[in-house]
Amino acid sequence: MPENSHRFFANTECRYYPCHTGLEELNCLFCYCPLYRNPECPGNPVFSEDGSGRKSCVNCTFPHDPDHYERILEEIRKMSG
């Protein structure tokens, strides 16, 4: 079993895979981003300019990068705390 198998998996059987292009490795562990409710997330969201504050993460690949696992956990801890 790979050393970091608990931090990464790619669901290549998913009908939406790949949901983002341009990534060599696509981590599906955080398919739904746990940082969505965080307006200060480290990704690159776009906020609606109509005053609603809606957040679009459609072009964000931050949670799919296997190197961001620890940072995501750190952000979740901050949000919970």
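I started with helix α1, where R71 and E75 sit four residues apart, so about one helical turn separates them. (Helices are DSSP runs of H or I with at least four residues, strands are runs of E with at least two, and both are numbered from the N terminus.)

I noted that this is a predicted model: local features need pLDDT of at least 70, side-chain atom pairs count only at pLDDT 80 or more, and totals for chains, interfaces and linings use all residues. Residues are numbered from 1 along each chain as its sequence is written, and side-chain values use heavy atoms, leaving out hydrogens and water.

Next I checked the R71 and E75 pair, and found a salt bridge with its closest N and O atoms 3.1 Å apart. (That term means a side-chain nitrogen of Lys or Arg within 4 Å of a carboxyl oxygen of Asp or Glu.)

Then I looked up what else E75 does: its side chain also meets K78 in a salt bridge, at 3.2 Å from N to O.

How buried or exposed is each one? E75 is buried at 4% relative accessibility, R71 is partly exposed at 36%, and K78 is exposed at 53%. (Buried is under 20% relative accessible area, exposed over 50%, partly exposed in between, with a 1.4 Å probe and protein chains only.)

I also followed E70, which forms a salt bridge with R7 at 2.8 Å between the closest N and O atoms. This pair links distant parts of the chain, 63 residues apart: E70 is in helix α1, R7 in the segment before β1.

Last, I read the element order from the N terminus: β-β-α.
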